[in-house]
Amino acid sequence: MNNHISQNDFRVARGKSEAGIVVGNTFDKYNSRNPVVRWMMRGFAANLNSLVKKAAPKSIYETGCGEGFWVLQWNAKGITAQGSDFSRKAIAIARANARQQGFSEDLFHIRSIYELSVEQNGADLVVCCEVLEHLEEPEKALQILATVAQGYILLSVPREPLWRLLNMARGKYLNALGNTPGHVQHWNTRTFLKMVERYFSILEVRKPLPWIMVLAKSL
């Protein structure tokens with residue numbers, strides 16, 4: 001079995017919006033030629049893969065899966081994985097990527113994080129990466145995720161104010177003080193962990209630049 005998804009022709013949303021919300025990735029970070037972006041993405045991927053390995057799941061459900069990159073990676077490695085996103089545009093791209101890589105488009109579903117249920121979306125590991133910062137009600141989402149995660153949960157968010165400082169250092173979003181379009185929540189490590197601890201038992205914290213990444217179990 002091929003255990004790696006080719007990034008050639010992997011499609012991203014490139015900052016498309018839906019219902020006034022930016023969906024998918026604002027740029028093609030998976031195929032970026034910028035050496036700093038490539039270094040940061042390697043760090044993100046290494047830590048994510050390490051924590052998934054620690055959880056050793058037989059099944060994974062990713063909410064806010066965007067264009068489906070990680071769901072397809074996990075399936076290529078033999079893990080049963082599915083994903084959902086509120087955005088029809090993102091899911092259309094994810095399904096196209098699945099077909100391109102030889103997988104069923106049925107791996108992906110249109111579903112808001114607020115609509116998840118353990119009956120339909122329960123898994124050994126629930127993944128919610130780069131999602132909570134986009135939500136008006138992140139704690140409501142965590143309450144729902146706590147019921148869906150049957151074993152472990154893996155969360156990641158941008159680490160502030162570092163995220164915005166790095167954006168400004170590369171001359172991006174200066175009028176918004178470096179805030180990426182669509183980010184309505186902002187946490188540093190302390191404030192994010194304090195929120196997560198209300199709903200989960202934190203097992204491990206990683207800080208690949210410039211993110212906060214947490215592996216946890218439901219209380």
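This is a predicted model: local features need pLDDT of at least 70, side-chain atom pairs count only at pLDDT 80 or more; totals for chains, interfaces and linings use all residues.
Residues are numbered from 1 along each chain as its sequence is written, and side-chain values use heavy atoms, without hydrogens and water. Local features need pLDDT of at least 70, side-chain atom pairs count only at pLDDT 80 or more, and totals for chains, interfaces and linings use all residues.

Helices (H or I, at least four residues) and strands (E, at least two) are DSSP runs, numbered from the N terminus. Helix 1, residues 35-55, has 21 residues and reaches 30 Å from its first C-alpha to its last, close to the 30 Å expected at 1.5 Å a residue; the expected span is 1.5 Å times one less than the number of residues. A56, with a positive phi near 50°, follows helix 1. Among the buried residues of helix 1 are V37, M40, F44, L48 and L51, buried meaning under 20% relative accessible area with a 1.4 Å probe, protein chains only. Their cover includes strand 3 (59-63), helix 2 (69-76) and strand 6 (123-129).

In helix 5 (residues 138-148), the buried residues are P138, A141, L142, I144, L145 and V148. Seen down the helix axis, they fall within an arc of 165°, so they line one face of helix 5; the arc is that of the directions from the axis to the C-beta atoms. An α-helix has 3.6 residues a turn, so residues three or four places apart point the same way. Strand 3, helix 4 (118-121) and helix 7 (189-196) are among the elements covering the buried residues of helix 5.

The whole structure holds zero disulfides, a disulfide being a pair of cysteine sulfur atoms within 2.5 Å. For C129, the nearest cysteine sulfur is that of C128, 7.2 Å away. C129 is buried at 7% relative accessibility, and C65 is buried at 8%.

Notes:
Buried means under 20% relative accessible area, exposed over 50%, partly exposed in between (1.4 Å probe, protein chains only). Contact means heavy atoms within 4.5 Å.
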